[in-house]
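Please keep the sequence and the coordinates at hand while reading.

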Amino acid sequence: MTPFSRRHFLSALAAGSATLGCPALVRADGAAGRVVVVGGGFGGATAARYLKRLAPHLQVTLVEPAQRFHTCPFSNLYLAGLRSWDSIGHGYDGLRVAGVEVIHAMADDVDSARRTVRLSTGQSLAWDRLVLSPGVDMRWNALEGYDEAAATLAPHAWKAGPQTQLLRRQMEAMGDGGTFVMTIPDNPFRCPPGPYERAAMVAHYFSRHKPRAKILLLDAKDNFSKKALFLQGWKARYGDMIEWIGLSDDGQVTRVDAGQREVLTAFGQKHRADVLNVIPPQKAGVIAERAGIVDASGWVPVKAESFESRQVAGIYALGDATLAAPMPKSAFAANTQAKVAAAAIVAELTGKAAPVPAYANTCYSLIGPGYGISVAGVYQAEAGRIVEVPGSGGVSPLDGSPDFRAAEARYGDSWYAAMTADIWGQPG
Amino acid sequence: MAVKPPRVWVSSVKPARGEVVRVRAQIEHLMESGLRVDPAGNPRPRNIVRSFEARLGPQLIFRWEPGIGIAQNPYIEFTFLARESGELLMLWTDEANATQEARKTITLS
């Protein structure tokens, strides 16, 4: 990011909060009512926290099934053995202290006419505004042979949880000289650089414990996020261990046999795996469908200024579930979208003008210890669309110095610490 | 929308001398037959891939002239005997003289 864009971003943020008004004013106006937030990940937990911070009199309820939320960001480092499972898990006590009511349940259905949401506990919550941050669900059988049962044999590990731990156990059980095969879907999907960071993290583990292992990536596209940087980093750290096959070279997988750990490509080539990691095509989390905010693409169209649904008034959607391109489906993107949506909701409930949004994203990826790379972007709403601010953002330089790579690895660690403290930490 | 590049699979890019090399190739092309009409009832002008050629270096090893019976995104599979190393060049040309090409380096092992 250039100094210019950083200044621009900060000034845009400042403008945003000026329009929004300080919390004291909001309190004077008595922003009353109830906001229910579904999903306690990067989008939802941020929204709940910032709603309460901006309008302390607002009743804010967060619905999330997990007692501890394990993050997809840094779950690849867990696979590598560089992070413990506990270190990527976060509880909700910090949000409770901040005044957010947290209910551990699934949201089963939304009635947008009566403005209620029904929980798996049978309880029904009324809302004045609803925020859905449901993440992604897998499109089972979109890839022939890959359904929920297949995922217990060939894990996707694309939601941090038991799937991630299963994949790690399979890596540990694999013999030296085995082949790890990963299938990668076409865009859009959660975390565009994620599969390629995972390849590096799996290679890190293999290079220490099974140096004769191979990693084969079968990709349904020819280009991917930070491609040149990944290809360079893989080579530098792991030699020929990682082989990537793109669409043009028959990398698209069309059928999965999870029992045999075999995949078939479009041109009929069979690949056998010792560990098979299938990252299937995805869609918005199912509660978004129930709420009627999903379009034919399977994702949620939103207003660029506020992340309110384009289809149902009063419902906001955040993060990976939304159609927010050019913003990627990333944790950082969800976090800034949540802050904008929280400000927009509070402005609306207090009869104030909508704030001017500013969005930002950075995705750090780790190639190995002391070797990090990144991509960054700054975005704004323009004529109902999200656009990248001209001249902002960018990617790490190709052929960066070892010091540069080491610094970016540290920035990645700091990003994770700062982000998780902002969202799940104890209020300071 | 940008047209995706041709998709090619070769059984081996490092074949032994005399080995049969199998090639599978596909491009994205509408293969407009000239028999269809648009919503206003006017015929859609015919434009199909008129020629596919594969060469190993200067040597023509395979040629195909698809007709209008071939569906869109034409797929072709052929084999050749590996006698020498060289660049395998595949060239598709349609009736508007638009071309697409793909290359693979074949090295005898």
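**From a loop residue to the sheet and the interface**

In chain A, the loop between strand 17 (275-278) and strand 18 (282-284) contains A:Ile279. The model is a predicted one, and the description that follows should be read accordingly.

Is A:Ile279 buried or exposed? A residue counts as buried if 20 or more other C-beta atoms lie within 10 Å of its own. A:Ile279 has 24 C-beta neighbours inside 10 Å and is therefore classed as buried. Once neighbours within four places in sequence are left aside, the contacts of A:Ile279 are A:His156, A:Trp158, A:Met182, A:Thr183, A:Ile184, A:Pro185 and A:Pro195. A:Asp219 is 60 residues away from A:Ile279 along the chain, and a distance of 10.0 Å separates their C-alpha atoms.

In general, strands of a sheet pair through backbone hydrogen bonds, in either a parallel or an antiparallel manner. Within this sheet, strand 12 (residues 214-219) of chain A runs parallel to strand 13 of chain A and is joined to it by four bridges. A:Ile215 stands opposite A:Ile242, a residue of strand 13 of chain A.

Helix 8 (residues 194-209) comprises 16 residues and reaches 22 Å from its first C-alpha to its last, close to the 22 Å expected at 1.5 Å a residue. How many of the residues of helix 8 in chain A are buried? The helix is mostly covered, with 12 of its 16 residues buried. Among them are A:Pro195, A:Tyr196, A:Glu197, A:Arg198, A:Met201, A:His204 and A:Phe206. A:Pro195 is also one of the contacts of A:Ile279.

The last topic is the meeting of the two chains. Seven residues of chain B are in contact with seven residues of chain A. On the side of chain B that touches chain A, strand 1 (residues 7-10) of chain B gives the most, with three residues. By class, this side of chain B has four nonpolar and three charged residues, and no polar ones.

Technical notes: Residues numbered from 1 in each chain as written. Chains lettered and ligands numbered in written order. Predicted model: local features only at pLDDT ≥ 70, side-chain atom pairs only at ≥ 80, totals over all residues. Contact = placed C-beta atoms within 7 Å. Helix = DSSP H or I, 4+ residues; strand = E, 2+ residues; numbered from the N terminus. Nonpolar A, V, L, I, M, F, W, Y, C, P; charged D, E, K, R; others polar. Expected span 1.5 Å × (residues − 1). Pairing = 2+ DSSP bridges.
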